[in-house]
Amino acid sequence: MSEAEYLSGRLLLAMPGMGDARFDHAVVAMCVHDEHGALGIGIGHVRDGITLHGLLEDIGIDPGVAPDVPILNGGPVETARGFVLHSNDWAGEGSVTVNPLCELSASMDVLRAIAEGRGPSRYLVALGYAGWGAGQLEGEMRRHGWYAAQGRPEILFETPTGRRWQQAWKREGIDPSHLVAQTGSA
C-alpha cells in the first residue's frame, strides 16, 4: 500500500447499515494510519454522564476558566483514556500533527493549559479511541463499512456534534438521506 492510500487526516464516515451498532452514524477523525494499523478519535457522539469539568475534577485539575463542554465518545478501545483534538496554536510534548485536521494530544499538559486559559483556541476532548490492526481497516473499507471523507477542520470545530455525520457527507457532495434510502437502513 502506498503512503497516498493511508487515511491519516481524513474523516471516516460510517456507512448506513455497516452492521456494528457502536459505530452507527460515526464520524472518526483519523489520526494515525500506516502499515501497522490505524487509530482514530470518534467525534460524532457525546459520552453520556460526563463533562469537561467533571473529567478535570476526577483527575485532580481545577477546571479554572475552562467552559464545561461535553466529552465525546472517542471509541470503544481504552474508554478511560483521554485525547484532545485541537487547533495548531498549542503544542505540547508528544503532540502529533494530523494534517489537515488538527493536532492530537494525550497528555495532562493540554488539559491543564485549557483549564488555565493558555491552551488551544479550539479543541474537542474525547475518551477512548477506535483502533484497527494491520490491514483491518482496509478490509472494512472493502466491505463498504466506511467512507473516507476529506479532513475538514470546520467539521470538527464549527459543526455541532450531532450534525457532524450529515454535514461531512454534505461537504462531500452527497445527500446522506439518499444513502439511507438506497440501503434501507436508518
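Figure 1. R152 is buried, with a relative accessible area of 16%; buried denotes under 20% relative accessible area, exposed over 50%, and partly exposed the range in between, for a 1.4 Å probe and protein chains only. The structure is a predicted model, in which local features need pLDDT of at least 70 and side-chain atom pairs count only at pLDDT 80 or more, while totals for chains, interfaces and linings use all residues. Residues are numbered from 1 along each chain as its sequence is written, and side-chain values use heavy atoms, with hydrogens and water left out. R152 is located in the loop between β10 (146-149) and α4 (153-157); helices (H or I, at least four residues) and strands (E, at least two) are DSSP runs numbered from the N terminus. Apart from neighbours within four places in sequence, R152 is in contact with L11, L101, R171 and E172, where contact means heavy atoms within 4.5 Å. Along the chain, R152 and A29 are 123 residues apart, and their C-alpha atoms are separated by 9.6 Å.

**Figure 2. L7 and the residues that it touches.** L7 belongs to the segment before β1. With a relative accessibility of 8%, L7 counts as buried. When residues up to four places away in sequence are not counted, L7 touches L12, M30, H33, L137, M141 and A148. A separation of 22 Å lies between the C-alpha atoms of L7 and A91, which are 84 residues apart along the chain.

Figure 3. Rolling a probe the size of a water molecule over the atoms shows where empty space is left. On a 1 Å grid over the protein atoms alone, a pocket is an open set of points with protein on both sides within 12 Å along at least five of seven lines, whereas a cavity is a set of points where a 1.4 Å probe fits but cannot get out. The largest pocket has a volume of about 160 Å³; a volume is the space filled by probe spheres set on the grid points, which are joined across faces, edges and corners. Its lining consists of 14 residues, of which R22, F23, H45, N73 and G75 lie nearest the centre of the pocket. Lining residues have an atom within 4 Å of a point. By class, seven of the lining residues are nonpolar, six are polar and one is charged. Nonpolar here covers Ala, Val, Leu, Ile, Met, Phe, Trp, Tyr, Cys and Pro; charged covers Asp, Glu, Lys and Arg; the others, Gly among them, are polar.

**Figure 4. Aromatic pairs, with F83 and Y129 as one example.** Rings of Phe, Tyr and Trp (its six-membered ring) pair if their centres lie within 6.5 Å; planes under 30 degrees apart are stacked, over 60 edge-to-face, and the rest tilted. The whole structure contains five aromatic pairs. In one of them, the ring centres of F83 and Y129 are 5.8 Å apart and the planes stand at 80 degrees, so the pair is edge-to-face. This pair links distant parts of the chain, as F83 in strand β6 (residues 77-86) and Y129 in strand β9 (residues 123-133) are 46 residues apart. F83 is buried at 4% relative accessibility, and Y129 is buried at 13%. One aromatic cluster is formed by F23, W132 and W146.

**Figure 5. Helix α2 and its packing.** In helix α2 (residues 108-116), the residues V110, L111, A113, I114 and A115 are buried. These buried residues pack against α1 (52-58), β6, β8 (102-105) and β9. Just after α2, G117 adopts a positive phi of about 80 degrees.

Figure 6. H25 is not a glycine, yet has a positive phi of about 55 degrees. This residue is in the loop between β1 (11-14) and β2 (27-34), and H25 is partly exposed, with a relative accessible area of 26%. E78, in strand β6, also has a positive phi, near 45 degrees, in a residue other than glycine. At 43% relative accessibility, E78 is partly exposed. The peptide bond from N99 to P100 is cis, with omega near 0 degrees, and P100 lies in the loop between β7 (96-98) and β8.
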